[in-house]
Amino acid sequence: MTANDVMKAKLNSTINGSTLLNDIRETEGRRENKIMLTAGPSNADPAVCDVGQLPLTGHLSADFLKMMDDVKQGLQYAFQTTYEWTLAVSGTGHAAMECCLFNLVEAGETVLVLNNGVWGTRVAALLNRINVNVQEIKKPYGDNFSYDEIEAAMKSVKPVLVFACHSESSGGAVQPVDRLGELCRNQSKEQGYDCLCLVDTVASLGGVPIHAEEWGIDAIYSGAQKCLSCPPGASPLSIGPRAVKKIQNRKTPCVSFYFDMVQLANYWGCDGQPRRYHHTGAIVSVYQLREGLRIVAKKGLDEMWKTHLNCSKLLWSELAKNGFEMYVKEEEKRLITVNVVCVPDGVDAGAVLKRLREVDDIELSGGLGALAGKVWRIGLMGFNCTEENVHKVVKALTEACKVCRK
Ligand SMILES: *Cc1c(COP(=O)(O)O)cnc(C)c1O
């Protein structure tokens, strides 16, 4: 046997001989009620799953280009912007994160990162790779920053960009950003900290009110698999005129060809020029995101925001009734899409997650980073955000805590 034959035989005994996908198909079919109340992904809406089965179209075909236009419009609605440069990059939330950061800053420039969890830490690490001068202000997980704290930091470090995570899904805090744009537009000469702002809304877009343009947010990004009820694959972003100007006046080209916004804006029909091949769009993910956005438009953002708020409030009160404590004590600081719950004393956090998976067909997330083993995270996002799911998860969690003792 040649080496090639060995490889082929091996693959035939793994992929070809495997029933893994069929198992998933059957398991998911049988467990109709399996719910993914994790920090992401959430269950995709069945209508979104359906369009995932459709045949491919060409990535530059008239139909596909029209679908990209629809996605762009849907995203402008979701972010509440009229920004021309609104599109979905191929990849998960991190792709949109890298795309924004790589385009908005150049080596040697200073960025202020508000770090109150995993995402600020991630952004700082990412910027260090492209030799940006990273200045962080830090808060513990579950806490957020006041505008005074942000402004003081801006005055002292004079950044070209401020990064804030609206939906800190690791600590469960929401970061108010409604006045961030105003702070970044301080023109006073002696203070001199006129800069751009970038906001991560991966776990909040569609679930928590965001009015990006009205709030003066220069660049904002998200993901598909959380409140938009899609599989991961195409990730939204919207970039306003001040940020576009900065990108168009860069001294050095964007470090990533794949994420070069000037080229992506052309492919997405945002620059008024004939649309050219840059890379093959994530065709099926675009179908699915379009379907997810159709559902958002049909329900309406106001209604979605209301549903997310009401379900989380119900979750908090049901959890309290059953003796659970939320990690973020002040309600107004809580992110309503990813709820962080303390693991009660004497309970085996990992065993609870396992039991929920095996007995109740419910998936939750454990703690991330500094909170590993100390909390569970319950996502109530998009398609999953229902009162029925709230009651199911509280009941299952309460039962599991009685059984899974350390
Ligand atoms: C989930 C999440 C991300 C990362 O998205 P991926 O799709 O996993 O790449 C980034 N930021 C926040 C706030 C998130 O919740």
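**Ground rules.** I number residues from 1 along each chain as its sequence is written. Since the model is predicted, local features need pLDDT of at least 70 and side-chain atom pairs count only at pLDDT 80 or more, while totals for chains, interfaces and linings use all residues; side-chain values use heavy atoms, with hydrogens and water left out.

**Ligand site.** The shell holds 13 residues, and the closest are Thr92, His94, Ser169, Gln225 and Lys226. On its own the ligand exposes 390 Å², and the protein buries 89% of that (Shrake-Rupley areas, 1.4 Å probe; for residues, only the protein chains shown count as cover).

Which helix gives the most to the shell around the ligand? I found helix H5 (residues 93-104), with three residues. Helices here are DSSP runs of H or I with at least four residues, strands are E runs of at least two, and numbering goes from the N terminus. By class I get five nonpolar, six polar and two charged residues in the shell. Nonpolar means Ala, Val, Leu, Ile, Met, Phe, Trp, Tyr, Cys and Pro; charged means Asp, Glu, Lys and Arg; the others, Gly among them, are polar.

**Cores.** The largest nonpolar core has 96 residues, and Leu127, Tyr221 and Leu237 have the most contacts inside it. Another core, of 39 residues, lies apart from it and includes Cys227, Leu315, Val341 and Cys404. A core is a set of buried Ala, Val, Leu, Ile, Met, Phe, Trp, Tyr and Cys residues joined through side-chain atoms within 4.5 Å. Buried is under 20% relative accessible area, exposed is over 50%, and partly exposed is in between (1.4 Å probe, protein chains only).

**Cys100.** This one sits in helix H5 and is buried, at 0% relative accessible area. Leaving out residues up to four places away in sequence, Cys100 touches Leu198, Tyr221 and Leu237, where contact means heavy atoms within 4.5 Å. I also noted Val199, 99 residues from Cys100 in sequence but 9.6 Å away in space, C-alpha to C-alpha.

**Glu318.** Is Glu318 buried or exposed? At 14% relative accessible area, I log Glu318 as buried. Glu318 belongs to helix H12 (residues 301-321), and its side chain makes a polar contact with that of Lys321 at 2.7 Å. Beyond four places in sequence, Glu318 is in contact with Val390, His391 and Val394.

Gly40 and Pro41 are joined by a cis peptide bond, omega about -5°. Pro41 is in the loop between strand S1 (35-36) and helix H3 (46-51). Asn131 is not a glycine, yet has a positive phi of about 55°; Asn131 is exposed at 57%. Lys158 also has a positive phi, near 50°, and is partly exposed at 44%. I place Lys158 in the loop between helix H7 (147-157) and strand S5 (161-165).

Definitions and conventions
Near = heavy atom within 4 Å. Polar contact = N/O pair within 3.5 Å; in protein donor to acceptor, adjacent residues only side chain to side chain.
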